[in-house]
Amino acid sequence: MSVIELSDVEVEFHRRGHPVVRAVAGASISVERGQVVGLVGESGCGKSTLARAAVGLLAPTAGRVVFEGNPIVPLTRRARPKDQVRLQMVFQNPFSSLNPRRKVGAQIADGLESVEGLSRAERATRARALLERVGLPAVAAERFPHEFSGGQRQRIAIARALGAEPSVIVLDEPLSALDTSAQAQIANLLTELAADLEIGLLLISHDLAIVRQVAHVVYVMYLGVIVESGPTENLWRHPRHPYTKALIAAIPHADGAGVIPEALPGEVPDPARPPSGCRFHPRCPLAVEICSREVPRMDPVGAGHLAACWRAGET
């Protein structure tokens, strides 16, 4: 059963004198307990916008976000409702997501305030235990964020999210600011946390290699819409959408292979002026006349595998 479900979510941005930007144009995603779900796509495709809608930082223009059976209430200046504290988020940049003027133990203890019955001393003890859970020494609680590396800061951010005893953590590009070694370590940590604590993870990333390493299910997003989804290995071995194929082909290899194919020219179009029909058709090597006229549905192409492509059955 899904612990969080996004159904036909749309997010629009309005600016006076400018066209409406439809950053998310009807996306549906679900995450179960203990499951790592990857959301991938090029920069500017709407991944981060969808992540913020999932946790209530943005109010959807249309569609629904349901967490543990209840609709998400968009955040205001008031405290988040108690039944939604178990939905947490880890942001992209660990250098800006932590308060530089406070010790990390105190920042982790803030998340523990949602756990009823804990005294201040108990919160401090629990904060040290959470630091150890993410691979840092308990004494790190007495240090400031600037005393840690980027990977260590991201571990601290994860520990802070764990303080709320979450059911789901949404991670928006949590590895992009880290070096390769730190990326691998944090990816392994996320896999362990999902399995050991039965936490659902929604991992937003443009790094398909990392997503393949940790995710059970992958959603591929292009220009505000989901174009393919399915079990990770099935999607990697048998991609059915031309965009997914191009992303996989672009993954670097040790032999130097892995570049953007010539069959995928150009950049993601302006979301304020999206193409008609299939949004990918201007860049698609397989496009035919119907692709520019009609929007394809997400249809089954295998066990648990869906693709929105008029020619998915031919690939």
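## Helix α2 and its two partners

In this predicted model, helix α2 meets helix α3 through Val 104, Gly 105, Ile 108 and Ala 109 on the α2 side and through Arg 123, Ala 127, Leu 130 and Leu 131 on the α3 side. Sorted by class, the residues of this contact comprise six nonpolar, one polar and one charged. Two packed helices are described by the angle between their axes and the distance between the axes. For α2 and α3, the axes come within 8 Å and cross at roughly 105°, which makes α2 roughly perpendicular to α3.

Helix α2, which spans residues 104-111, also packs with helix α4, which spans residues 150-162, and here the angle is about 30° while the axes are 7 Å apart. Because angles under 35 degrees count as roughly parallel, α2 is described as roughly parallel to α4. The residues that meet are Val 104, Gln 107, Ile 108 and Gly 111 from α2, together with Ile 156, Ala 159 and Arg 160 from α4. By class, the contact of α2 with α4 has four nonpolar residues, two polar ones and one charged one.

## Helix α1 and the residue after it

Helix α1 covers residues 47-55, and since seven of its nine residues are buried, this helix is largely enclosed by the rest of the structure. The buried residues are Lys 47, Thr 49, Leu 50, Ala 51, Ala 53, Ala 54 and Val 55. Just after α1 comes Gly 56, whose phi is positive, at about 90°.

## Two loop residues with positive phi

Glu 68 is found in the loop between β4, residues 62-67, and β5, residues 70-71. Its phi is near 50°, which is a positive value in a residue other than glycine, and with a relative accessible area of 25% Glu 68 is partly exposed.

Glu 198 is likewise a loop residue, placed between α5 and β8, the latter being residues 200-205. Although Glu 198 is not a glycine, its phi is positive, at about 55°.

The loop between α3, residues 120-133, and α4 contains His 146, which is exposed, with a relative accessible area of 58%. His 146 and Arg 101 are 45 residues apart in sequence, yet their C-alpha atoms are 9.3 Å apart in space. Elsewhere, Arg 143 lies over the face of Phe 148, at 4.3 Å from the ring centre.

Helix α5, residues 180-197, contains Leu 189, and this leucine is buried, with a relative accessible area of 4%. Setting aside residues up to four places away in sequence, Leu 189 touches Arg 133, Val 134, Arg 155 and Ile 158. One of these, Ile 158, is 31 residues away from Leu 189 in sequence and 9.6 Å away in space, C-alpha to C-alpha.

Thr 244 is found in helix α8, residues 242-249, and is buried, with a relative accessible area of 1%. Leaving aside its neighbours within four places in sequence, Thr 244 is in contact with Val 220, Glu 228, Leu 235 and Pro 239.

His 305 belongs to strand β12, residues 305-307, and at 1% relative accessibility His 305 counts as buried. Not counting residues up to four places away in sequence, His 305 touches Glu 228, Ser 229, Gly 230, Pro 231, Asn 234, Leu 235, His 238, Arg 240, Asp 299 and Pro 300.

## Aromatic pairs

The structure holds three aromatic pairs. Tyr 222, Tyr 243 and Phe 280 form one aromatic cluster.

Methods: Residues are numbered from 1 along each chain as its sequence is written. This is a predicted model: local features need pLDDT of at least 70, side-chain atom pairs count only at pLDDT 80 or more; totals for chains, interfaces and linings use all residues. Side-chain values use heavy atoms; hydrogens and water are left out. Rings of Phe, Tyr and Trp (its six-membered ring) pair if their centres lie within 6.5 Å; planes under 30 degrees apart count as stacked, over 60 as edge-to-face and the rest as tilted. A charge sits over a ring if NZ of Lys or CZ of Arg is within 6 Å of the ring centre and within 35 degrees of the ring normal. Axes are lines fitted to C-alpha atoms, for helices over the stretch in contact, and angles run from 0 to 180 degrees between N-to-C directions. Helices (H or I, at least four residues) and strands (E, at least two) are DSSP runs, numbered from the N terminus. Angles under 35 degrees count as roughly parallel, over 145 as roughly antiparallel, 65 to 115 as roughly perpendicular and the rest as oblique. Contact means heavy atoms within 4.5 Å. Ala, Val, Leu, Ile, Met, Phe, Trp, Tyr, Cys and Pro count as nonpolar, Asp, Glu, Lys and Arg as charged, and the others, Gly among them, as polar. Buried means under 20% relative accessible area, exposed over 50%, partly exposed in between (1.4 Å probe, protein chains only).
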